[in-house]
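Student: I have a structure open and would like to learn how to read it. Can we go through some features one at a time?

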Amino acid sequence: MATNYSAAFLGLDRRLVPLAATLALFVAMVVFGAFSYDAFLAPQVFLNLAIDNAFLFIVAVGMTFVILTGGIDLSVGSVLALTTMSVAALVERAGMSPAFAIPLLLAGGAAFGALQGFLIHRYRLQPFIVTLAGMFVARGLCYLIDTDSIPIRNPFFVALADARIPLGGGTAISSGAAIAVLTVVVAVWIAHSTRFGRTVYAIGGSPKSAALMGLPVGATLVRVYAISGFCAALAGLVMSVYMLSGYSLHAVGLELDAIAAVVIGGTLLTGGVGYVAGTCIGVLILGIIQTLVIFNGTLSSWWTRIVIGVLLFLFCLSQRLIEGRAAAGRSR
Amino acid sequence: MKRPLPTLFWPCATLALLIALNASVNPGFLTLSVRDGHLYGNLIDILNRAAPLALVAAGMTLVIAARGLDISVGAVVAISAATAAVLIGGTLNMDAGAEATSRFPLWFALFAALGAALACGLWNGALVVGAGMQPIIATLILMVAGRGVAQLITSGQILTIYYPPYFYIGNGFLAGVPFAAVLAAVIIAAVHLALKLTPLGLYIRAIGINPLAARIAGVRARPITLALYAFCGLMAGIAGLIVSSNVKSADANNAGQLLELDAILAVTLGGTQLTGGRFSLAGTVLGALIIQTLTSTIYSLGVPPEVNLVFKAALIFAVMLLQSTEFRATVRKLVTRPAD
């Protein structure tokens with residue numbers, strides 16, 4: 001029970017312990033980077049984390065809601081790729097105005113997610129398998145549009161790609177990073193200040209109790225997957241601006257990074273416990289691992305994956321220990 | 001009351017349908033020819049190519065039957081292939097008339113590769129049984145890190161293997177039949193017999209239906225579950241040997257890519273319930289053959305091979321909905337009109 005005492009000593013709610021651990025890890029990595037490399041603490045290094053990982057932020061936020069209900073969404077990477085592909089095909093080949101294409105694709109992503117949520121809820125199918133099939137469908141549809149990359153030259157997208165929002169002191173963020181920040185703010189508000197957000201937590205805690213309390217379990221589940229699909233489509237638009245191309249091999253394996261960010265951010269995979277803010281720190285940790293590998297220069301890129309795996313392991317293990325202790329506390 | 005259809009009816013029917021479709025499009029599909037004492041033909045080709053998938057899916061079947069899941073098999077295939085390729089290595093010695101050598105003895109490389117795969121399986125099992133993690137999450141860790149480890153082993157290169165004896169595993173023939181297919185058939189048949197002749201199959205089913213009840217009834221659930229994950233890892237290791245021997249190289253990034261999904265699909269197609277309990281090894285083998293035949297069909301129909309993913313997804317949805325009691329209830333309501 002030492003952890004509980006120390007947590008109480010620090011004035012922390014026990015549910016905040018994983019979040020605090022994540023934050024401490026992030027700070028430790030920054031301190032390590034600052035001592036090892038000159039120029040690591042430059043503000044632009046941190047802003048680049050937001051710029052280069054904008055799409056991961058957005059996808060991971062959507063994934064947080066799904067995991068909070070105890071589900072999982074493996075289709076996000078493919079939906080992202082399908083969005084980049086569709087926007088490129090619609091705008092460049094069909095000559096559609098971005099003003100139509102963007103809302104259309106956002107609605108499409110939400111509808112794709114909602115359909116998966118419906119299948120999961122209505123027919124009691126496993127989220128893992130349904131979203132796996134969704135992943136195949138979306139990736140396959142990408143190839144149906146084109147197997148090659150489609151460059152985007154539309155003036156609106158090019159202007160968005162070049163746009164930099166100055167933050168003073170010679171630093172700036174991209175439009176994608178701004179959208180990511182906005183998404184996070186809205187998501188925090190939804191999760192903690194709306195009836196829908198509280199229902200999500202209740203379902204994750206116990207779907208049966210939530211249903212008995214009269215909460216709309218089915219509608220909420222459908223909406224949660226719709227949010228994840230919407231976020232994936234939004235991330236797809238951000239990525240098509242970032243890359244200025246649509247490609248069926250964009251974001252392969254992104255769902256794993258998103259899940260890793262959510263877990264490292266302290267969200268329990270069994271649902272019910274976790275914070276959107278934690279997920280953001282999770283994404284920052286993944287980003288800073290990459291930055292450290294780049295700053296080092298001699299480390300090969302595969303170390304990123306190994307370190308992410310080790311972190312996942314440590315966090316899942318500590319989650320199990322916390323859960324075990326909580327269960328022991330309840331049974332007393 | 002109608003008699004229920006045999007468990008393997010749907011997988012058999014699907015496979016027969018696919019083969020019939022192929023035969024109608026391509027009249028030469030069913031012909032087998034003998035060249036140099038080896039059997040050749042589309043059907044033999046499918047058997048050969050389905051072998052790694054069938055092995056991995058067989059391991060996956062047992063894990064799923066005991067209420068588990070292993071999504072790291074693709075990464076384990078890459079690790080096994082990388083280990084074998086590094087240890088065999090070998091350079092083409094042009095002076096000695098293009099004679100290729102192996103860095104370590106072949107048996108040592110094979111054992112090391114399988115040992116690495118077995119260790120991966122034990123690691124997964126330890127996380128699930130020892131640490132009590134959810135199977136998806138426990139194996140997700142190795143799925144994420146595994147390809148990094150495989151790249152570490154190969155130093156990020158695609159290793160080419162020059163040692164001809166190693167090619168036998170993926171390209172050789174035994175009694176006229178591809179060796180990989182024979183190997184897969186022998187292993188799966190042995191496992192099938194072991195499950196039939198010992199109570200092990202019953203134990204696995206008991207764990208899958210109710211782990212707690214099984215343990216109280218005296219089934220040693222923990223060691224058995226651990227062994228199943230280890231077995232699944234070993235199967236992925238053998239698949240890695242077959243795959244790398246077949247293409248004579250090890251690609252840490254792409255060997256076994258999406259194999260975990262194909263394996264789960266094969267298991268589902270074969271009628272094994274993803275919620276554990278009921279399982280069928282024979283069904284899984286049929287499932288693997290269906291997936292491989294589907295791939296061949298796509299090629300022979302001239303459809304871009306990438307579209308294969310959409311067909312696979314359609315198959316998953318169909319099988320999933322057929323297994324769902326709620327969906328069957330809905331359909332029954334639609335078909336049998338209410339008496340009013």
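Tutor: Start with Arg124(A), which sits in the loop between helix 6 and helix 7 of chain A. Keep in mind that this is a predicted model.

Student: What value does phi of Arg124(A) take?

Tutor: Phi of Arg124(A) is near 50°, a positive value in a residue other than glycine. The residue comes just after helix 6 of chain A.

Student: Is Arg124(A) buried or exposed?

Tutor: To answer that, look at the relative accessible area, where exposed means over 50%. Arg124(A) has 58%, so the residue counts as exposed.

Student: Which residue in chain B has a positive phi although it is not a glycine?

Tutor: Arg67(B) is one, with a phi of about 65°. Arg67(B) belongs to the loop between helix 2 (42–65) and helix 3 (73–88) of chain B. Its relative accessible area is 44%, so Arg67(B) is partly exposed.

Student: What caps the N-terminal end of helix 6 of chain A?

Tutor: Look for a side-chain oxygen close to a backbone nitrogen. Here the cap is Ser97(A), with a side-chain oxygen 3.0 Å from the backbone nitrogen of Ala99(A).

Student: Which residues of helix 6 of chain A are buried, and what do they pack against?

Tutor: The buried residues include Pro98(A), Ala101(A), Leu105(A), Leu106(A), Phe112(A) and Ile120(A). Within chain A, the buried residues of helix 6 pack against helix 5 (76–93), helix 7 (127–145), helix 8 (155–162) and helix 12 (217–243). They also pack against helix 13 (308–323) of chain B.

Student: How many residues does each chain give to the contact between chain A and chain B?

Tutor: Chain A gives 36 residues and chain B gives 41. The two chains bury about 3,600 Å² between them, with 84% of that area on carbon and sulfur atoms. On the chain A side, Tyr123(A), Phe136(A) and Trp302(A) lose the most area to chain B, together 20% of what that side buries.

Student: How many salt bridges does the rule find across the interface of chain A and chain B?

Tutor: It finds one. The side chains of Arg124(A) and Glu326(B) meet in a salt bridge, at 3.4 Å from N to O.

Student: Which helices of chain A each supply at least two residues of the side that touches chain B?

Tutor: Helix 6, helix 7, helix 13 (254–264) and helix 15 (302–331) of chain A do. The largest share, 14 residues, comes from helix 7 of chain A. By type, the residues of that side divide into 25 nonpolar, six polar and five charged.

Student: One last residue. Where does Leu68(A) lie, and what does it touch?

Tutor: Leu68(A) is in helix 4 (residues 54–68) of chain A. With 0% relative accessibility, Leu68(A) counts as buried. Leaving out residues up to four places away in sequence, Leu68(A) touches several residues, among them Val200(A), Tyr201(A), Thr267(A) and Val273(A). The C-alpha atoms of Leu68(A) and Ala191(A) are separated by 9.9 Å, although these residues are 123 residues apart along the chain.

How values were computed
Residues numbered from 1 in each chain as written. Chains lettered and ligands numbered in written order. Predicted model: local features only at pLDDT ≥ 70, side-chain atom pairs only at ≥ 80, totals over all residues. Heavy atoms only, no water. Buried < 20%, exposed > 50% of the residue type's maximum accessible area, 1.4 Å probe, protein only. Helix = DSSP H or I, 4+ residues; strand = E, 2+ residues; numbered from the N terminus. Contact = heavy atoms within 4.5 Å. Polar contact = N/O pair within 3.5 Å; in protein donor to acceptor, adjacent residues only side chain to side chain. Buried area = accessible area lost by both parts, 1.4 Å probe. Salt bridge = Lys/Arg side-chain N within 4 Å of Asp/Glu carboxyl O. Nonpolar A, V, L, I, M, F, W, Y, C, P; charged D, E, K, R; others polar.
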